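Here's a walk through a two-chain structure, taken one neighbourhood at a time. Keep the viewer open and follow along.

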Amino acid sequence: MGLRSACQALFFSVLAFSTIQLKAEIKVASFSTVLSEITQRVGGKNVSVTSLIKPGQDPHEYQLTPGDLTAATASDLVLLSGKGMEATYLNNLRDALPKRVEVLAVGDQLPGLGKGAGGEKGGSAEATEDPHWWNSVSEVEKATALVRDALIHLDPAHTADYQAGAQAYLSELKDLDLWAKRKIAELPRDRRKLVTSHDAFQYFGKEYGFQIDSIEGLTTDQEPSVSHVSALIAEIKKQGVKAIFLENTLNPKVSAEITRESDAKIGGTLYADGLGPGEGETYAGMTRHNVNTIVDALK
Amino acid sequence: MRGFPLIQAALVIVGLLLLLFPLHSLTQRHATIATPTVAPRPAKRVQLSLRTTAPCRFQVSYLGQVVWEGTDDSTGQEIAKDLDIDFPKEGIDLAVDVTWETKGLAAAEISVTVDGSEMHKTLWGQGSASDVVTFTKD
């Protein structure tokens with residue numbers, strides 16, 4: 001009888017401990033593929049991440065669905081790209097979320113970059129600065145620190161785990177940044193003219209010394225004007241730009257027209273709006289693909 | 001009608017054919033060949049120099065090619081090398097790798113002199129340092 005009671009006590013103790021452990025897992029809903037990766041890498045087994053924007057999906061075109069709202073309300077932390085990326089549904093999302101759910105708009109904590117060349121010819125009224133901060137590795141390093149701090153704030157019991165996860169990921173990012181700088185250093189600085197489908201590479205340009213031009217503005221929801229495309233063709237000819245680049249989430253029709261009217265060729269397809277299928281399944285893969293594609297085409 | 005009709009017809013055809021060339025020249029759509037206005041610049045004499053706080057091995061690369069490598073045994077003394085390279089107004093990037101004999105904190109200053117302008121960048125590291133440094137004439 002005594003042994004049986006002891007076994008029962010041990011069983012319920014183990015069950016209770018397991019329940020506490022399961023309950024301790026932080027639920028994160030992410031509206032950014034890059035933030036999903038950062039959170040998984042920093043949070044590890046202590047965090048469960050639901051990616052509401054899927055790899056290859058255009059975040060500019062994303063519409064908040066009832067299912068995604070349910071996932072967000074069930075989470076402890078909602079991660080947003082920020083800088084206007086979620087402008088079309090942000091108010092509805094904030095109104096619907098319970099007070100206990102913390103919201104971190106990561107991009108809003110990062111330094112801003114104003115409209116680039118593409119920003120004057122299109123783009124929604126909300127988009128006044130480039131929201132594509134992940135196209136600079138050093139901004140992703142800052143974002144990693146922000147996610148780490150948010151997880152520690154929510155779950156201080158696992159502080160050491162989050163610090164270790166962040167440190168390991170930051171070390172990889174540091175190596176990635178040096179690799180990118182070395183690869184880009186193969187391209188003379190006067191040939192660093194990047195023409196892309198939409199204005200998503202201001203952070204990349206600032207980080208690595210590129211002049212940025214784009215067919216569309218900061219968002220992908222408006223067609224470029226004829227006058228803008230004509231001016232862009234003239235600029236491509238004047239600057240002797242060797243290649244222009246497509247994006248994995250956009251229609252290449254206008255880009256193809258520009259190559260017909262100028263001497264530029266299509267240099268390849270870039271991951272502009274986050275992770276995507278193929279090489280862009282990870283942030284490192286996405287960055288290596290973009291840098292290799294740009295440098296090899298403009299050399 | 002005087003003369004031979006066949007000869008007259010042949011003369012008219014020849015006349016029309018002669019007109020074709022100038023007409024073609026005047027009416028053809030001139031291909032707008034986009035000639036890049038970016039003309040190649042002549043290379044400039046650029047002096048690279050290195051000063052380090054501890055004996056080291058170093059390598060300097062420009063546009064993916066190693067342009068200078070060696071060892072610096074003389075602590076604090078500057079060593080230099082001349083290069084003839086393009087130096088656009090946007091500047092140049094140099095990839096620099098340094099490995100010091102000491103494991104403690106050390107520094108290497110790399111300088112670029114072009115057209116009388118001297119620019120300096122310093123790399124710090126413990127044992128080694130690698131970075132891409134940009135030199136732009138202000």
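Setting aside the neighbours within four places in sequence, A:Val254 is in contact with A:Ile215, A:Glu223, A:Pro224 and A:Val229. This is a predicted model, so keep that in mind for every distance that follows. A:Val254 sits in helix α9 of chain A, which covers residues 253–261. Take A:Glu223 from that contact list: A:Val254 and A:Glu223 are 31 residues apart in sequence, yet their C-alpha atoms are 9.2 Å apart in space. Is A:Val254 buried or partly exposed? Its relative accessibility is 21%, so A:Val254 counts as partly exposed; the cut-off for buried is under 20%.

Now zoom out to the chains themselves. Chain A has 10 helices and 8 strands, and 51% of its 299 residues are buried. Among its contacts between residues at least 6 apart in sequence, 67% join residues at least 24 apart. Chain B comes to 1 helix and 8 strands, running α-β-β-β-β-β-β-β-β from the N terminus on. Buried residues make up 30% of the 138 residues in chain B. Of the contacts in chain B with a separation of 6 or more, 58% are between residues 24 or more positions apart.

Back in chain A, have a look at helix α2, residues 33–43. The helix is mostly covered, with 9 of its 11 residues buried. Among the buried ones are A:Val34, A:Leu35, A:Ile38 and A:Val42, along with A:Glu37. What does the covering? The elements of chain A over these buried residues include strands β1 (26–30), β2 (47–51) and β3 (77–80), plus helices α5 (137–154), α6 (159–184) and α10 (283–298). Both ends of α2(A) have a detail to check. At the start, a side-chain oxygen of A:Ser32 reaches to within 3.3 Å of the backbone nitrogen of A:Val34. After the helix comes A:Gly44, whose phi is positive, near 55 degrees.

Next, the aromatics. There are 8 aromatic pairs over all chains. In one of them, the rings of A:Phe204 and A:Phe210 have centres 5.3 Å apart and planes at 45 degrees, so the pair is tilted. A:Phe204 and A:Phe210 are both buried. Ring pairs also tie A:Phe201, A:Phe204, A:Tyr208 and A:Phe210 into a cluster. Around here you'll also find A:Gln202, which belongs to helix α7 (residues 202–208) of chain A. A:Gln202 counts as buried because its relative accessibility is 15%, and its side chain makes a polar contact of 2.8 Å with the side chain of A:Asp199.

On to where the chains meet. At this interface, 22 residues of chain B are in contact with 16 residues of chain A. The two chains bury about 1500 Å² between them, 52% of it on carbon and sulfur atoms. There are 5 residue pairs in polar contact between chain B and chain A. On the chain B side, β5 (92–100) and β8 (128–135) each supply at least two residues, and β5(B) gives the most, with 5 residues. The touching residues of chain B divide into 9 nonpolar, 7 polar and 6 charged.

How many salt bridges cross the interface of chain B and chain A? The count there is 4, while the total over all chains is 21. Here are some of those that cross, with N to O distances.

| Chain B residue | Chain A residue | Distance |
|---|---|---|
| B:Asp97 | A:Arg182 | 2.2 Å |
| B:Asp93 | A:Arg189 | 2.8 Å |
| B:Asp131 | A:Lys181 | 3.9 Å |

B:Asp97 lies in strand β5 of chain B and A:Arg182 in helix α6 of chain A, so the pair joins two chains. B:Asp97 is buried because its relative accessibility is 18%, whereas A:Arg182, at 27%, counts as partly exposed. B:Asp93 also lies in strand β5 of chain B, and its partner A:Arg189 is in the loop between α6 and β5 (193–196) of chain A. Both B:Asp93 and A:Arg189 are buried.

A:Lys181 has a partner within chain A as well: its side chain meets that of A:Asp177 in a salt bridge (3.7 Å, N to O). Being 4 residues apart in helix α6 of chain A, A:Lys181 and A:Asp177 are separated by about one helical turn. A:Lys181 is partly exposed, with a relative accessible area of 24%, and A:Asp177 is buried at 9%. Finally, A:Lys183, A:Glu186, A:Asp296 and A:Lys299 are linked in a network of salt bridges.

Definitions and conventions: Residues are numbered from 1 along each chain as its sequence is written. Chains are lettered from A and ligands numbered from 1 in the order in which they are written. This is a predicted model: local features need pLDDT of at least 70, side-chain atom pairs count only at pLDDT 80 or more; totals for chains, interfaces and linings use all residues. Side-chain values use heavy atoms; hydrogens and water are left out. Contact means heavy atoms within 4.5 Å. Buried area is the accessible area (1.4 Å probe) that two parts lose on being put together, summed over both. A polar contact is a pair of N or O atoms within 3.5 Å; within protein, one must be able to donate a hydrogen and the other to accept it, and residues adjacent in sequence count only if both atoms are side-chain atoms. Ala, Val, Leu, Ile, Met, Phe, Trp, Tyr, Cys and Pro count as nonpolar, Asp, Glu, Lys and Arg as charged, and the others, Gly among them, as polar. Buried means under 20% relative accessible area, exposed over 50%, partly exposed in between (1.4 Å probe, protein chains only). Rings of Phe, Tyr and Trp (its six-membered ring) pair if their centres lie within 6.5 Å; planes under 30 degrees apart count as stacked, over 60 as edge-to-face and the rest as tilted.
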